[in-house]
Amino acid sequence: MTKIFAVTNQKGGVGKTTTCVNLAASLIATKRKVLLVDMDPQGHATLGSGVDKKDLKLSVYDLLMGEASAEDVRLKTDPAGYDLLPANVDLAGAEVNLINEPQRERRLAEALDSIKKEYDFILIDCPPSLNLLTINALTAARGVLVPVQCEYYALEGLASLLDTLKRVASTVNPGLEVMGILRTMYDPRTSLTQDVSNQLTEYFKDQVLGTVIPRNVRLAEAPSYGMPVLSYDAKSKGSLAYLALAGEILRRNSL
């Protein structure tokens, strides 16, 4: 069965897009079939996958508006090798245009129905806010991966997000659950990082993934070259961390 994960956090700058791009590439390296869905109008996952968002003929916007199928919109990325449903600034108009449409929160789920059996994993990169695009992602997903930066406001933001997920599960997607909480931009040299990490583990226990993603220069540089860090520098700490994350996710899902 295809595993569909929304990668989300209502707080920006915690590594959502970095996680989507690099986890997708790492799962490809394990010989899994992967689709990455860019649901953020900023289109950073599209750019980080080596696709120029300015040159798109079709995007997720067309998909949500029913003007194109997933087969029409998807692209193959190179060198990463996963498939991509790309996005650009047009996607910002989807929320306004869909506001009075019936079943508007199910547009992405319905669009993915025709192709989801082709993949082992579908990862959805969400915008850093709770809007109709995020609700579409959470409605389509069966699990949620939550990147969290180990900083002062992390727990407050996480509590708010989990409340949101409960509301979505109680209304439009009863099967939705937190697949894992991922500690990102991890710097073990600081006491704050260790304190927040310990608090996360204390409160959320097994939901906190064992893998941590470190602060890493290569990881930060890779998007500017339009590729995941595994393609940019396979031996870097960032690359090894995301390979470890892919392995942990496969073990947790018995795949």
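Is lysine 205 exposed or buried, going by its relative accessibility? Lysine 205 comes out at 56% relative accessibility, so it counts as exposed (exposed means over 50% relative accessible area, buried under 20%, and partly exposed in between, with a 1.4 Å probe and protein chains only). What you have open is a predicted model, where local features need pLDDT of at least 70, side-chain atom pairs count only at pLDDT 80 or more, and totals for chains, interfaces and linings use all residues. Residues are numbered from 1 along each chain as its sequence is written, and side-chain values use heavy atoms, leaving out hydrogens and water.

**Stop 1: lysine 205 and its loop**

Keep lysine 205 selected. It lies in the loop between α9 and β8 (208–214). Helix and strand names follow DSSP runs numbered from the N terminus (H or I, at least four residues, for helices; E, at least two, for strands). Check the backbone here: phi of lysine 205 is near 50°, a positive value in a residue other than glycine.

**Stop 2: α8 against α9**

Now select residues 154–171 for α8 and 191–204 for α9; these two helices pack at an angle of about 30°, with axes 10 Å apart. Axes here are lines fitted to C-alpha atoms, for helices over the stretch in contact, and angles run from 0 to 180 degrees between N-to-C directions. The pair is therefore roughly parallel (angles under 35 degrees count as roughly parallel, over 145 as roughly antiparallel, 65 to 115 as roughly perpendicular, and the rest as oblique). Show side chains next: Ala154, Leu155, Leu158 and Leu162 of α8 meet Val196, Gln199, Leu200, Tyr203 and Phe204 of α9, where contact means heavy atoms within 4.5 Å. The residues of that contact divide into 8 nonpolar, 1 polar and no charged (Ala, Val, Leu, Ile, Met, Phe, Trp, Tyr, Cys and Pro count as nonpolar, Asp, Glu, Lys and Arg as charged, and the others, Gly among them, as polar).

**Stop 3**

Jump to residues 237–252. This is α12, with 16 residues and a reach of 22 Å from first C-alpha to last, close to the 22 Å expected at 1.5 Å a residue (the expected span is 1.5 Å times one less than the number of residues). Its buried residues include Tyr242, Leu245, Ala246, Ile249 and Leu250.

On the α1 side, look for Thr18, Thr19, Asn22, Leu23, Ser26, Leu27 and Ala29; on the α12 side, Tyr242, Leu243, Leu245, Ala246, Ile249 and Leu250. By class, this contact has 9 nonpolar, 4 polar and no charged residues. Just after α12, click on serine 254, which takes a positive phi of about 55°.

**Stop 4: arginine 218**

Select arginine 218, in helix α10 (residues 217–221). At 36% relative accessibility, it counts as partly exposed. Leaving aside residues up to four places away in sequence, arginine 218 touches Val229, Tyr232, Asp233 and Ser236. For a distance check, arginine 218 and leucine 230 are 12 residues apart in sequence and 9.6 Å apart in space, C-alpha to C-alpha.

**Stop 5**

Which peptide bond is cis, with omega about 15°? Select aspartate 78 and proline 79, the two residues that bond joins. Proline 79 is in the loop between β3 (75–76) and β4 (83–85).

Finish at glutamine 103, in the loop between α5 (94–98) and α6 (107–112). Its phi is near 55°, positive in a residue other than glycine, and at 46% relative accessibility glutamine 103 counts as partly exposed.
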